[in-house]
Every structure is written in C-alpha cells, then in structure tokens.
Amino acid sequence: MGLLDQRFENGNVFVTSLENLLNWARLSSLYQMQFGLACCAIEMMAASASDFDIMRFGIIPRATPRQADVMFVAGTVTLKMASRIKRLYDQMAEPRYIISMGSCANCGGPYWEHGYHVLKGVDRVIPVDVYVPGCPPRPEALLEGIIKLQEKVRKESLVKKPA
Amino acid sequence: MIETKSLPTQYASQPGPVQTSSGKTLRTDEMIINMGPQHPSTHGVLRLEIVVEGEIIIDVIPHIGYLHRCFEKHAEHMTNYQQVIPYCDRLDYCAAINDEHSYVLAVERMLKIELPERVEYIRVVMAELQRIASHLIAVGTFGIDAGAFTPFLYAFHDRELILDLFEMTCGARLLYNYFWIGGLSHDIPPQFVDKAKQFCTYFRPRIKEFNDLLTYNEIFVKRTANVGVLPKDVALNYACSGPMLRGSGINWDLRRDDPYSVYHKLQWEPQIGKGEMGTVGDVWDRHIVRMREMEVSLSIIEQALAALPEGNVQAAIPKRIRPDAGEVYARTETPRGELGFYVISDGSGTPFRVKARAPAFVNLSVLPAISRGCMIADLVLIAGSVDIVLGQVDR
Amino acid sequence: MTAEEILNSLKAKFGDAIVEAKLDAPQPWIVVNPSRTKEIAFFLRDDPATRFDYMMCLSGVDYNNGKLGIVYHLFSMVHRHKIVLKAFCTKEQPHIQSVTSVWATANWHEREAFDMYGIVIDEHPDLRRILLPYDWEGHPLRKDYQVPEFYNGMKVPY
C-alpha cells in the first residue's frame, strides 16, 4: 500500500501510519558517507557524476560519518584499514546501513588466496545489508543495490518482530 | 646532495615566536593534525600526519599502506605469466591499460618476440585514450579539491564516452585485461575507428571549454600559482616522473626518450611547464601539463588511427610462456609517470619476482619536501596535483 | 658509456668492493659490496663521465638460497645510459648500506625492502615499516613466509 493512497480529495491532509512515514523519509534521503577505498570508488564516483546521477535517489555525499546513513564499502578492505572502517561505522548514527560494493568487499575478490594483508570480506568486521557483486560493479549495479536497500528500508518495522 | 630540510620555504611569513603588543613573546605550539585515511580530498586511503604552526605547515608525514593488496606476492603465485595481467589492471585503476602495457612489454622483451604492426598501433590508440580518461579524473577531482564541483561533472561525462569505446572493444568499463602477452585479447570491432574519430572531433573543443571553466579561472589561478613549487633538481633527486617532472620544466617523456611501441613513428611533442602564471613547477603548471597532454594524446590517436595497418592481433607465441632465466626492467610512460616492471624469471612458467616501480609511490614521496612552509589549505591542492592513485602507491 | 667502461672505472676506483659483473646480459649488472654501496653511489652520481642522476628503481629480492639482495636500476638523464647495481646479503646478516643520501627517492624504496624482506638498511634516516602496519610480524615477500592465522583478532586466511 503506497503512502499517498489515502489522501483526502480536498485539503492538504493525508493519513498514513507513522511507520510508513518514517520509512519513506529514511529511504528517500539516504545520505552517503563520502569515502572510497579502491577501484570500485571510481565506479562510485562515476555513479555520482552526471551520467548516472545518484542524487535522484536522494543520496547526497557527506564527508562525516555523523551525518551519514549509508556507507558504501567500495573496494578492498585491508587489515590496516579494517579497524578504521569499524571506527567509522561506530561513529555513524542509527539507523545505519552498509552496502558492500564489489567482490573485494564481499569476500576478498581476486585477493582471497594469497592476500596476506587483505580482509576477506568486510562482513568480518561490520554487518552488511546489501552485497553488490562485480569486479568492479558497473554504476547500474550499484544503483540496483541502492534500490534493494530502499526496499529493505521500506519493510522495516518500529516494533521488533519476534524472532 | 640535496638536504630536504634546506629546501626553500614558499611563504615569507616564517613560523616563529610572535610578539604581542605588550612586547611579550607569545608561545605558539606545534599542532599535529591527522588527515585521512578517510578524507574526501586525499583521493583514497592516504593518511597525512601534518605538523602545523598556526596555518603554516612545518612537516607532512605520509602514512601509506591502507590499500596494500599484496600485488607482488600474487604475481609470484600465479600459475602462468598471463594471469598476472588482471592484477596489473588493479594497480592503477584509473589507467589500467597503461599498467598492462608496461607488464606485457617486460615479458615480451624477455621472450624477445616481434609483434604484428597492427597490435602496436591498437596499443597506442588504447593507451592514449586511457591517458585522456585518466587525466580527466585527475583534473576533475582536482577541481573539487579547489572547490569547483562543475568541472568534475564535465570531466566524468566526457570520460564516459571513452569508456564506451573500451566497452565496445573488450566488454569492460574499468579493468580491461585487453593487452595480452604477444598481442591483444581480440581485435577492435569494425565500427571502432569511426567512433574513435568522432570522439576526437568532439573532444578537442571540449578541452578549450574546460580550460575556460577551470584552468584560466581567476580564483583557480590565484589558488594554484606559486604554490607547491617543485624545483628541477629536487624533482630529479626524488626521481619524479610524468606530469610532475614535466611540470618542473624538464623535457622528458619516455614515449620519446626511451621509445617503445610505435611512438617514434608519430609526430608529437611532450608538454612542459613554463611558469606562465607563476613559478615553473608550481601546482598550476602540473595542471596545465595534464590539460595539454590530452590534446597531444588526441593528435597521437588520430595519427595512429590513420596509419592503422591490417593484420593479425596475436603474435605466434608458445602456449605455455617460459622465458629463459634472466631479468628485465621495462618502463612505459603512464599518465602518472614512469611505470617500470622488474621481472626476474628462473626459467619456469611463473615469474620469480615482479616488482612494480609505481610512479605514484615515487611522486608521493616528494610531497613532504614541496609542502613545507605552505598554508594548510594549499596542502589539499598540492596533494591533488601529485595525482596519486592509492592502488599504485600501496600495490 | 658502455657497461664495460663503467665497470672499469668502478674497478679502478674501488677495487675489491666490486664483487662480480655480468656484462653480456640484456641489461648488464654489477655486484657491489653491500657495506660500500653509498660511496659507490656517490661516485656514480657525481663523476662527470657517469652522472647517474636518476634512480629508476630499487627492488628487494629473495633469491631463495639463503641470499637476499637489493637491485638498483640507475639511469643518467645527461648521458642517457643505464646500469644495474646489485648488493647481496645473507638472511642471517641482512645488512645493506643506505643510498638515501645520494638519491632521495631511495628513502621509501628502502623502507619497502625492509618491510617486505627484512633487509636492514644501515644509516637509513627513518627505517620503519611503510606498507604493512607497524605491529606486523614477519616479512611477507620472503619465499618462506607463513601467513599468520590472526592479526589483531581478524582471521587472515580465507
């Protein structure tokens, strides 16, 4: 059921559930944390440039984790960087979402076997909401990941569901 | 011998004790500021430890390694020489083709094979298209560093057109695995030549537009001229290369001076910084060298496309590549400078040792020397003008 | 200058510090004493006949027979000639003299050789690890390197 379905014909009043309203607000202004790690960051930049225009999904880059809702882990996470990523994640305010972009962040990618300094998957240090596969994923794939995340946010509930 | 401590500082106001109006000396402490590894203008995961006194930089200590992906270990552990190429792509992800070029050149020199003429011409076209794409990222993000967002959008739009050409050829947008040992993975598609020519005609006026938008912008010139001056002798002593070296007025380009491929058959000239807006070797000079190199690349592409011969795109090479025991150091001019691969073979099917001499790594090591004495706001511009790619710095 | 002339001038100046040479290789190389690299480097850079003012590359190598080494690729912008220098040491005594005071670019390259191979660079101004974290154990590009099971509580192998 959409948000505006129960709009009254005359006047600016509409009725919806609080849950719906909050989810709608959250999913349409996912502020992104502006940082990139490796090759995928170039595709992330391409996605935010004019041809793909990530801002039409309400994603605006913010330079500080305190103002960010979503973090794109775009690239290889090394062991030296992992503790920093954990700290950045801890600094983000709830609700916070992680999109793991590219094979390296998903599972180590091409560096899984001999990469003595590569963390094999960012989900070993922080929880991930959406995995985008590819090496590197095309900007379209990233947009698909964002839409998937929006779907996930739309289904969220204020009341904790019984496990 | 060049002592880094004795380099000329670039601002007249030297840090030191400040006299208050009552005649007392005000105590000013040094302060340490941490920039990165997560910072919008470090172009990746570079961490700079900055010692400042007031607004003036006393020292910069780069901490690198946040993207150390063990390239050299992987190169030793692949099952053959061919498999190293995708890892070379990921070194400098802004200019993947140029990285491949350097590596395949090293292996081909070990094997002592002759390539078909067509391969060399296609390689030159691809390498120069990639150079434009890489310089577009460099100048686009440099605009953001200077506070101008629009050039970034211009640059990335034009870069997409080049990526379309690559995608048409090998299916990938960013990391191509297109140059193979002894040739190319496959021939260019039939409509490629026309599309590439169209791009050249489209892009030449765009460079002028970009220059009007950013390069000759009054504010941009004020912020970049006379900042971060890299003198000639320091540049040589630190073995800087690429636009860093040419920006300092040294006429040196590996494409001309250590020829490889077919660059010696084409007509072109390297571009050097002349200090038009300030001192030779300042940030603006490095920027204008990149802008002019794009025009040079366009002319190289047009000449190479016109001379493109027919023929095979794979030389006859053994299925299992086993160079004789020995070693070779091959270098090419990538958008960032001299990328060299030092490959040692022990006669087996895998490299014994591959060392990548990364231009970004070497160019970054000069950053402390050129930013001492600058204002802290200029550091962002100086770091941007070095044009680092952290994948290459950390390997 | 050809590699042979460079070798002769080095031999005349330094005598037994020049250990061996291979001049028929595609890129001829000269092996020098690891504790005298600095004076040899100064000579090569400042002698008007050689003028090696540009150090292209400095690589550490593990030769897998108990021997480590550093390979210097030198180039002269003035005379446009090249030479390769090598200095070897053993794994038990991994000491090679620094050339940072000759070519400033050697600074980071030598730190990398120390980081990756554990070659101790004598007289280096700032010998710390460069790529790996400061608390990392071992030198990963040695051929006998074993990947640790855990680093700071994070599992390293896949």
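Colleague: Why is the pair Asp258(B) and Lys82(C) called a salt bridge?

Modeller: In this predicted model, the closest N and O atoms of Asp258(B) and Lys82(C) are 3.2 Å apart. A salt bridge requires a side-chain nitrogen of Lys or Arg within 4 Å of a carboxyl oxygen of Asp or Glu, so the pair qualifies. The count between chain C and chain B is 6 salt bridges, and 21 residue pairs are in polar contact there, both residues being at pLDDT 80 or more.

Colleague: Which elements of chain C give two or more residues to the side that touches chain B?

Modeller: They are helices H2 (37-46) and H3 (106-117), together with strands E3 (54-62), E4 (67-75) and E5 (82-90). E3(C) gives the largest share, 9 residues. By kind, the residues on this side of chain C are 25 nonpolar, 8 polar and 10 charged.

Colleague: How much area is buried between chain C and chain B?

Modeller: About 3,500 Å² is buried, and carbon and sulfur atoms give 57% of that area. Tyr54(C), Trp108(C) and Leu131(C) supply 21% of what chain C buries against chain B, more than any other three residues.

Colleague: What makes E8(B) and E10(B) the edges of their sheet?

Modeller: The open sheet has the order E8-E9-E10 in chain B, with antiparallel pairing. Strands E8 (326-334) and E10 (353-357) each have a single partner strand, so one side of each is left without a neighbour in the sheet.

Colleague: How do you know that E8(B) and E9(B) pair?

Modeller: Pairing requires at least two bridges, and these strands share 9 in the antiparallel sense; therefore they count as paired.

Conventions:
Residues numbered from 1 in each chain as written. Chains lettered and ligands numbered in written order. Predicted model: local features only at pLDDT ≥ 70, side-chain atom pairs only at ≥ 80, totals over all residues. Heavy atoms only, no water. Buried area = accessible area lost by both parts, 1.4 Å probe. Polar contact = N/O pair within 3.5 Å; in protein donor to acceptor, adjacent residues only side chain to side chain. Helix = DSSP H or I, 4+ residues; strand = E, 2+ residues; numbered from the N terminus. Nonpolar A, V, L, I, M, F, W, Y, C, P; charged D, E, K, R; others polar.
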